[in-house]
Amino acid sequence: MRIRIKELLKNPDLGKEFEISGWVRTKRGNKNIAFIALNDGSTIHNIQVVLNMADFEEEIIRKVTTGSCIKVEGVLAASPGKEQPVELHGSRLHVYGTADPDHYPLQKKGHSLEFLREIAHLRPRTNTFGAVLRIRHAMSFAIHKYFNDRGFYYLHTPIITASDCEGAGEMFRVTTLDLKNPPLLEDGSVDFGEDFFGRETSLTVSGQLEGELAALALSNIYTFGPTFRAENSNTPRHLAEFWMIEPEMAFYDIHDNMDLAEDFLGYLIRYAMEHCSDDLKFLNNMYDRDLMGRLEFTLNNKYERITYSRAVEVLIQSGEKFEYPVSWGVDLQTEHERYLVERHYRKPVMVTDYPKDIKAFYMKQNDDGKTVRGLDVLFPKIGEIIGGSQREEDYHKLRRRIQELSLPEKDLWWYLETRRFGTAPHSGFGLGFERLLLFVTGLGNIRDVIPFPRFPKNANF
RNA sequence: UCCUCAGUAGCUCAGUUGGUUAGAGCAUCUGGCUGUUAACCAGAGGGUCCAAGGUUCGAGUCCUUGCUGAGGAGCCA
């Protein structure tokens, strides 16, 4: 009966027989003895397997190379070496799969993250990606636990959508039409009436609008699913396919929304520190010496809450020379956000009440007629981690805004009907899952916190 | 998409004002070593210098274009 290495390393039963399986990280030794560092992904730690060469055929020992997969049965013993408390003295060895050392690309020494991206099929076998994938799992689980414990319902919003009005970015088209020979209308344009759904469809850029429908029935819901943006974004913070968490709450105003966002992020970071400490320590030592300090710092400081107008004042009064000059009405640039978070306040900042012209149509309009109740949460190092708002619940104000912006009102009839029938104040936000992971892991490129990244010119693996 | 930088051995990188047979560390292979710790010691093999064109007596090195990657910006989560 196989035991996972994570459990074996904690097991106090020295002298007992155990069976383990895993992938070889290194083998070293001489003609009398061999040491194998074995890892099965259950923990970042390897177990040292010790083989007395006299007990085995030379042929089978030769097959054990970096990257090969083996099963070992043996006795757990205290290790005389300094680097590990226990080790397994192997008495039986089975090789599941060899890994030709001339061709196996992973070495026991360091690889660049850029190189590992080119071998994404093998990078889960590295310490770094083992750590990232375990943290990714823990964060997914913690998200569901957080909401479940608080009475939120997990809502599955559609991935294929016909609504082109979310306004969050370029969309990927979904079609079964023959691209070489599509059916045409009389004016020469493509006849999407002939397409699978009988209309133009795309991959979703947000589940928010559907999320609102459910919140105005179940009170508190959240979505957690894949999201697609066809923007030609080439940055360490953008993916074409990423995962987003979107809670939506009836009877929440913008302040309730902020309270939730801050509590939620704090919960997740605390969860990672409690449940992933080995992996975080590794990442801290290998990639980001400030990681643990920064995580603790965000837990120990209340987020600064300011309005957009106040942010503009601070930036103007700073005397800083920005590449993009600041004035009321223009959107905050990355350099402005970084100044606020990293230099002025030195902690996470929540900015609200943006000019209505730079924000989406569905945000609740303030009485001043100029601003809307949008919310951005800005984090050190990664910038915008959350974007959200209190939603406009007034049917007439919402409809007028749709008309002002020349949005296709007829496609939004279902969204507007929630404001005609039993409307309610409500709020929500979107958290980019991989942005969260960037912050929690301390890694610098979003392509390294998702197993198989999709970005312009790349859909490999 | 724009700006900047880069592409040389399996990996990480050096390569001088353009000059003769392109180097190092690690990895791999061979040998050695009675418990190692990214083991160590000795030796060996390993190159379409990203691609195509150009300048030149001569190009890894200079020029043009393209491809790929990284960082920054825009868009945003």
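The second largest pocket holds about 1,100 Å³ of space. Of the 41 residues that line this pocket, Arg-25, Asn-39, Ile-44, Asn-46 and Asn-127 are the closest to its centre. The model is predicted.

**Lining of the second largest pocket**

- Strand S1 (17-29), strand S2 (33-39), strand S3 (47-52), H4 and H7 each supply at least two residues of the lining.
- H4 gives the largest share, six residues.
- By residue type, the lining of the second largest pocket consists of 16 nonpolar, 17 polar and eight charged residues.

**Helix H7**

- Helix H7 spans residues 277-286, and its buried residues are Asp-279, Leu-280, Phe-282, Leu-283 and Asn-284.
- These buried residues pack against four helices: H4 (127-149), H6 (254-275), H8 (291-300) and H13 (433-441).

**Salt bridges between separate parts of the chain**

- Side chains of opposite charge can pair when their charged atoms come close.
- The whole structure contains 29 salt bridges.
- One of them joins Glu-262 and Arg-305, with the closest N and O atoms 3.2 Å apart.
- Glu-262 is in helix H6 and Arg-305 is in strand S12 (residues 304-307), so this pair ties together parts that are 43 residues apart in sequence.
- Glu-262 counts as buried because its relative accessibility is 12%, under the 20% cut-off.
- Arg-305, at 33% relative accessibility, counts as partly exposed.
- Arg-399 and Glu-409 form another salt bridge, and their closest N and O atoms are 2.4 Å apart.
- Arg-399 belongs to helix H11 (residues 395-404) and Glu-409 to the loop between H11 and helix H12 (413-420), so the pair links parts that are ten residues apart in sequence.
- Arg-399 is partly exposed, with a relative accessible area of 31%, and Glu-409 is partly exposed at 23% relative accessibility.

- Arg-420 and Glu-417 meet through their side chains in a salt bridge, at 3.8 Å from N to O.
- Both residues lie in helix H12, three residues apart, which is about one turn of the helix.
- An α-helix has 3.6 residues a turn, so residues three or four places apart point the same way.
- Arg-420 is partly exposed, with a relative accessible area of 47%, and Glu-417 counts as partly exposed at 28% relative accessibility.
- Glu-212, Glu-248, Arg-391 and Arg-419 are joined into one network by salt bridges that share partners.

Definitions and conventions:
Residues are numbered from 1 along each chain as its sequence is written. Chains are lettered from A and ligands numbered from 1 in the order in which they are written. This is a predicted model: local features need pLDDT of at least 70, side-chain atom pairs count only at pLDDT 80 or more; totals for chains, interfaces and linings use all residues. Side-chain values use heavy atoms; hydrogens and water are left out. Buried means under 20% relative accessible area, exposed over 50%, partly exposed in between (1.4 Å probe, protein chains only). Contact means heavy atoms within 4.5 Å. On a 1 Å grid over the protein atoms alone, a cavity is a set of points where a 1.4 Å probe fits but cannot get out, and a pocket is an open set with protein on both sides within 12 Å along at least five of seven lines; lining residues have an atom within 4 Å of a point. Grid points are joined across faces, edges and corners, and a volume is the space filled by probe spheres set on the points. Ala, Val, Leu, Ile, Met, Phe, Trp, Tyr, Cys and Pro count as nonpolar, Asp, Glu, Lys and Arg as charged, and the others, Gly among them, as polar. A salt bridge is a side-chain nitrogen of Lys or Arg within 4 Å of a carboxyl oxygen of Asp or Glu.
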